[in-house]
Amino acid sequence: AAAADSPLLHNLNPEQRAAVTLPAGNALILAGAGSGKTRVLTTRIAWLLQTGQVSPGGILAVTFTNKAAKEMMTRLGAMLPVNVRGMWIGTFHGLCNRFLRAHWKLANLPSTFQILDTQDQLSAIKRLMKQFNVDDERFPAKQTQWFIAGAKEDGLRPRDVEARSDDDRKKVELYQLYEEQCQREGVVDFGELMLRSYELLRDNDPVREHYQRRFRHILIDEFQDTNRLQYAWIKMLSGTTAEGRFTPNDNSVIAVGDDDQSIYAFRGARVGNMADFVREFDVSHQIKLEQNYRSYSNILDSANALISHNTKRLGKNLRTDQGPGEPVRVYEATSDFAEAQWMVEEMRQLVRDGIDRKEMAVLYRSNAQSRVIETALFNAAVPYRVYGGLRFFERAEIKHALAYLRLLENKDDDTSFLRIVNFPPRGIGARSIEQLQDAARAAGRSMHDAVSAVGGKAGSNLTAFVAKIDVLREQTQGLSLREIIELVLDHSGLIEHYKADREGADRIENLEELVNAAESFVTQEGFGRDAVALPVDELRQAPASQGLDPNRPVLDEPLAPDAETGETLSPLAAFLTHAALESGDNQAQAGQDAVQLMTVHAAKGLEFDCVFITGMEEGLFPHENSMSDNASLEEERRLMYVAITRARQRLYMSHSQTRMLHGQTRYNLKSRFFDELPEGALKWLTPKNQGFTPSAFGYGGGYATTRGGAGGFSKDSFASPPVPPQKAAPSHGLRSGMQVFHNKFGEGTVTALEGSGDDARAQVNFPRHGVKWLALSVAKLTPV
Ligand code: ATP
Ligand code: MG
């Protein structure tokens with residue numbers, strides 16, 4: 001009776017309470033977003049401990065992120081006086097790491113084994129392929145990496161992989177060589193952590209039986225995104241016998257999940273694990289939770305309406321007792337820059353309304369989108385934190401590019417030298433670099449200046465590298481910052497290098513973003529104003545009376561000259577300083593009240609008072625790679641469902657007419673997902689579609705903002721009532737929806753008009769050539 005009265009159970013609804021107090025046995029909790037799945041899981045652990053059904057050491061709980069694991073431990077610590085550190089709560093990788101640290105000898109690892117992240121893994125593979133003279137055109141390293149990771153996720157060692165072609169056999173051979181190299185160097189990659197743990201459990205009866213006895217209760221959050229190997233690992237811990245047969249043991253496994261939030265299929269997640277679990281684990285209890293406690297109904301209705309467009313669903317309902325709350329606000333920006341500006345302004349208002357910055361999240365589909373947002377926040381001195389991904393200037397490819405640029409400024413920067421001396425690979429091995437380092441040290445010179453001390457083939461490769469840098473320095477004299485960066489990207493071989501990578505497209509995108517960043521830094525709409533014109537040390541000490549916040553190197557004068565000599569930093573030096581400072585000093589310290597930036601993938605399981613979903617455009621969200629087949633599109637929709645359901649109180653969605661991506665300006669249609677949201681829950685801050693049906697576009701999402709005057713809203717328009725739509729200036733006689741004829745593109749439909757006079761532009765959808773923006777002063781459009 002004491003158990004039933006436990007205060008732990010007070011804040012639960014009857015279904016949640018039933019789940020928390022389930023008797024021993026295997027169970028599945030299938031429920032939508034914000035229904036308290038994670039809360040139930042945490043409370044169940046506390047309840048099991050409190051009622052003495054299990055000791056802390058008997059719990060194994062798997063969460064999706066380290067952040068979630070920490071949160072769970074904090075909550076448990078607050079509920080009960082237990083030593084949470086002793087409990088096995090963590091991610092699959094974290095728990096496997098812990099397991100292998102405990103049994104390194106049995107796992108045939110050195111006690112000090114190191115973990116390779118995805119980047120390190122790729123370099124290791126490249127190094128190996130080089131050593132064995134493998135044609136990297138035919139077997140791109142990235143592809144080999146995928147092959148290896150995929151095999152491991154399926155629990156396969158090289159000998160287990162069925163090779164059907166010569167290419168397959170080669171990859172299996174590489175897998176084998178890679179394994180040997182890792183073993184020799186004492187390193188394990190992410191997949192290896194999982195597979196090695198699984199194998200140790202499988203092959204070592206005493207170890208397996210020990211853990212099967214030990215973990216009385218196994219609880220798994222976000223079960224819908226487990227892969228094949230993770231599922232097999234759980235089976236090992238639960239009831240697999242020495243003969244490899246699985247029968248549910250007398251320990252209890254509770255899986256918690258939401259099929260609508262399965263967003264990792266591209267990385268091997270198998271939503272089918274849920275059905276397998278019910279069957280193989282002889283699940284005695286299936287619990288559904290249908291009450292959402294997170295969001296107001298305008299938000300929840302939007303999520304429900306959206307996901308109802310998916311066909312393959314297990315079927316769940318979600319309701320909320322909270323009122324409608326604020327409408328979901330939709331904003332159309334003229335540019336990605338304006339979108340970020342609007343967001344910053346809106347955040348300012350939210351702060352005035354008393355909302356903490358850490359309760360504001362900006363979500364985006366692709367990492368490349370964060371740069372413009374980061375810059376806007378940085379310029380406005382809004383503290384922010386980027387989650388689950390590197391900040392723009394910390395990304396490896398950006399650091400490589402910056403290293404080249406740094407060497408142009410300072411040939412003696414040995415850190416930069418080392419970073420790129422063999423990147424892209426130019427046949428300079430570790431041995432030669434060591435030799436060079438020794439020589440430089442002995443002569444007391446920089447590595448750049450010491451290359452002549454190394455002889456032989458290595459020496460000539462080093463000399464060639466240094467010559468390349470020196471030539472680049474010559475060539476970039478007198479060029480604009482943008483031109484310098486473009487030249488360096490080209491001549492360094494970085495772009496070419498990543499082009500050869502199957503997965504390099506993302507990196508090239510980021511490198512092109514670097515060009516955009518530099519461009520913005522110097523010229524655009526106020527961006528240039530954070531140019532750093534003083535030596536860093538002086539800046540840090542700049543007195544407040546000069547209007548300089550020592551933590552925020554923002555000057556009003558771009559590249560302001562030195563007061564005495566009139567000298568200024570070169571734009572390149574200023575930009576490099578900006579990059580260094582922005583990546584270091586402005587990074588909000590943990591615990592500081594900072595806006596949270598992350599991809600939608602990284603936001604899974606989290607919640608915030610206010611959420612901004614940005615870049616809701618066709619090609620971006622849904623992503624262009626996922627628009628052609630229905631399965632991928634459904635995953636994009638689930639991703640959007642995850643994004644929407646992160647918000648408690650306020651949800652903003654924005655899209656932009658133009659966006660700098662991949663180094664060029666794109667004109668995107670607004671996302672088709674807007675058409676799947678309930679009109680009544682939305683509030684359009686900018687005018688919505690004007691009289692035409694989106695379906696006529698063959699896109700499902702349409703674009704038709706008609707706007708007159710000089711185009712664009714004033715910066716403050718979002719703060720005032722929405723600007724009523726105006727008819728386009730009639731001088732060119734075109735209207736939205738009109739059929740027109742173009743000499744080259746044929747007949748099309750006008751979908752939007754912008755600007756006036758010489759600046760007037762029309763967006764026209766040509767059935768055969770797609771959507772184009774045309775300058776009316778040049779293009780001859782005749783109504784038909
Ligand atoms: P997701 O699918 O996004 O992971 P979830 O189902 O795990 O969501 P939780 O994060 O556990 O949901 O809960 C959502 C929010 O609702 C949390 O803030 C939680 O504290 C709150 N909550 C859950 N159950 C209740 C309840 N019975 N009473 C009040 N608040 C609740
Ligand atoms: Mg959760």
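Modeller: Let's start with terms: helices (H or I, at least four residues) and strands (E, at least two) are DSSP runs, numbered from the N terminus. Residues are numbered from 1 along each chain as its sequence is written, while chains are lettered from A and ligands numbered from 1 in the order in which they are written. Keep in mind that this is a predicted model, where local features need pLDDT of at least 70, side-chain atom pairs count only at pLDDT 80 or more, and totals for chains, interfaces and linings use all residues.

Colleague: Fine. Which helix gives the most to the shell around ligand 1?

Modeller: A residue counts as near a molecule if its C-beta atom, placed from the backbone, lies within 6 Å of it. Helix 3 (residues 37-50) contributes the most here, three residues. The shell has 19 residues, with Gly-36, Lys-37, Thr-38, Arg-39 and Tyr-293 coming nearest.

Colleague: And why does the ligand lie between domain 1 and domain 3?

Modeller: Domain bounds come from an automatic or database domain assignment. Ligand 1 lies between domain 1 (2-103 + 194-289) and domain 3 (294-391 + 588-685) because both give residues to its shell.

Colleague: Which residues of helix 7 are buried?

Modeller: Buried means 20 or more other C-beta atoms within 10 Å of the residue's own, exposed means 12 or fewer, and partly exposed is in between, with C-beta atoms placed from the backbone. In helix 7 the buried ones are Ala-141, Thr-144, Gln-145, Phe-147, Ile-148, Lys-152 and Glu-153. As background, an α-helix has 3.6 residues a turn, so residues three or four places apart point the same way.

Colleague: Is Leu-156 buried or partly exposed?

Modeller: Leu-156 is partly exposed, because it has 18 C-beta neighbours inside 10 Å. Leu-156 sits in the loop between helix 7 and helix 8 (166-185). Contact means C-beta atoms, placed from the backbone, within 7 Å; leaving aside neighbours within four places in sequence, Leu-156 contacts Ala-151 and Val-161.

Colleague: Last one: which residues touch the most other members of the largest nonpolar core?

Modeller: Such a core is a set of buried Ala, Val, Leu, Ile, Met, Phe, Trp, Tyr and Cys residues joined through C-beta atoms within 7 Å. In the largest, of 75 residues, those are Ile-29, Ile-45 and Ala-61. Domain 1 (2-103 + 194-289) and domain 2 (114-185) each supply at least three residues to this core.

Definitions and conventions:
Contact = placed C-beta atoms within 7 Å.
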